[in-house]
Amino acid sequence: MTLIHEEQLKNFIDGKWVEPSSGKATAVINPATSETLVNVPLSAASDVEEATSAAKKAQKTWALVPAPQRAEVLYRVGLIMKERKERLSQLLTMENGKVIEEARGEVQEGIDMAFYMAGEGRRLFGQTTPSELKDKFAMSVRAPVGVVGIITPWNFPIAIATWKSFPAIVAGNAVVWKPATETPIMAYELAKIFEEAGLPKGVINVVFGSGSTVGEAMIEQEDIRVISFTGSNEVGRGIAGKCGQRLKKVSLEMGGKNGVIVMDDADLSLAVEGILWSAYGTSGQRCTACSRVMVHEKVKDELEERLQKEIAKLSIGNGLDESIKVGPIINRAGLEKVKSYISIGKEEGAKLLTGGYIMENGNHKKGNYFAPTLFTDVKPDMRIAQEEIFGPVVSLIPVKSFEEAVEINNSVEFGLSSSIFTQNVNQVFAAQRDLDTGIVYVNAGTTGAEIHLPFGGTKGTGNGHRDSGVAALDVFTEWKAVYVDFSGKLQRAQIDVE
């Protein structure tokens with residue numbers, strides 16, 4: 001298939017495709033083949049300033065468009081994405097590496113989000129409430145914040161972008177978007193779709209470049225009133241501090257160390273299937289990836305045996321091949337990071353059952369492939385059981401009871417997703433209550449969030465906001481209280497109450 005017509009991408013600012021003022025660019029590499037796909041700009045702070053100015057101007061007009069009409073643009077975006085689903089999926093696999101089945105699922109998530117958030121154009125519900133005074137009407141309504149900045153990661157380059165941009169746009173905001181430099185093609189395609197769907201110029205602006213330059217400039221722009229970021233904990237903490245000094249609203253989603261609990265009464269076939277999908281899908285490069293399994297000691301040996309048998313069957317390679325189940329790591333740096341944790345696990349005393357090496361022979365020699373890895377006899381305080389590896393590495397931690405499993409699950413810095421496999425209804429409800437994560441699955445893996453539910457977590461995973469679902473609107477709107485007094489006289493709340 002033809003990739004794209006451009007050899008180098010351009011920024012999308014005020015409805016135009018423009019060269020970055022820096023004149024600098026870097027190559028986008030297919031992680032499965034090490035081939036250069038396209039060059040992406042490394043923009044300067046002045047490009048962000050230009051995009052922000054365009055967004056500020058466009059937002060004033062866009063906010064006056066009735067919300068149901070704003071929603072019509074998202075409906076058209078969804079329809080175009082649906083028509084181009086296969087092309088988008090293949091492009092996604094080429095720049096990101098995830099297998100084509102997963103890429104199709106991610107594009108579908110964006111389609112679903114378009115139609116879901118378009119529906120909010122006829123809701124965007126506020127509240128009416130009785131006034132304490134006679135002949136007075138009271139209500140609260142959502143108001144757009146103005147210009148919002150979104151910073152999206154490479155592992156879900158179109159899904160997360162839609163989680164953030166669609167609610168922002170339907171709520172009447174304008175957007176300045178910095179995509180990951182590893183996966184800019186999805187941003188290029190989505191911007192073209194917005195353009196074709198009739199979104200007025202300046203309502204969405206795409207500025208390619210590094211976090212240290214473009215991301216920093218977005219934070220410093222006073223007219224950008226919200227920063228919505230998905231990425232590492234370290235970077236997110238820095239963004240939060242800088243936004244706090246400027247009184248900017250900030251929404252953070254910063255990863256996880258997600259655990260699956262397998263009790264002694266679990267359906268082990270189902271548990272194995274759930275662990276494999278959660279741990280090795282996207283090569284473990286998901287914020288919701290399963291990286292810990294708290295397994296009851298009574299079924300530990302059997303689970304180990306079954307997992308090793310199924311891991312051996314996983315086909316690893318270029319995700320465009322329909323038979324492949326596990327694709328590459330995004331880049332060499334990511335590959336080396338995963339490799340370093342194998343040494344750490346061994347030094348800490350964990351037992352390596354399978355995997356643990358870079359795949360460099362045959363069909364794998366040109367890409368960034370890492371063998372699906374399984375450790376056992378891992379202790380909860382080991383680094384491989386505490387730190388986010390972001391690769392296909394799972395640690396089995398034996399437990400004696402449900403209570404111990406919950407305690408270990410909650411002992412990490414993050415709190416995004418957790419899961420339990422059991423037939424005990426009492427433990428199911430206790431797990432829903434006691435697992436300290438923003439998402440809990442029962443008899444399923446740690447991944448598979450649906451777009452109409454809030455997505456996000458506790459503790460080091462975020463700062464209380466949520467992507468997806470109606471909760472996403474809270475990030476991109478302000479509550480405005482409105483009082484209408486039709487008594488014809490001055491009435492003072494709390495004072496003129498009979």
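The model is predicted, so local features need pLDDT of at least 70 and side-chain atom pairs count only at pLDDT 80 or more, while totals for chains, interfaces and linings use all residues. Residues are numbered from 1 along each chain as its sequence is written, and side-chain values use heavy atoms, with hydrogens and water left out.

Me: Why is the pair Arg104 and Glu86 called a salt bridge?
Reply: A salt bridge is a side-chain nitrogen of Lys or Arg within 4 Å of a carboxyl oxygen of Asp or Glu. The closest N and O atoms of Arg104 and Glu86 are 2.9 Å apart, so the pair qualifies. Arg104 lies in helix H4 (residues 100-119) and Glu86 in helix H3 (residues 85-96), so parts 18 residues apart in sequence are tied together. Helices here are DSSP runs of H or I with at least four residues, strands are runs of E with at least two, and both are numbered from the N terminus.

Me: What makes Arg142 buried or exposed?
Reply: Buried means under 20% relative accessible area, exposed over 50%, and partly exposed in between (1.4 Å probe, protein chains only). Arg142 has 18% relative accessibility and therefore counts as buried.

Me: Which class does Asp474 fall in, and why?
Reply: Asp474 is at 34% relative accessibility, so it counts as partly exposed. Asp474 also forms a salt bridge with Arg142, with the closest N and O atoms 2.9 Å apart. Asp474 lies in helix H14 (residues 472-476) and Arg142 in strand S6 (residues 136-144), so the bridge joins parts 332 residues apart in sequence.

Me: How many salt bridges does this rule give?
Reply: The count comes to 23.
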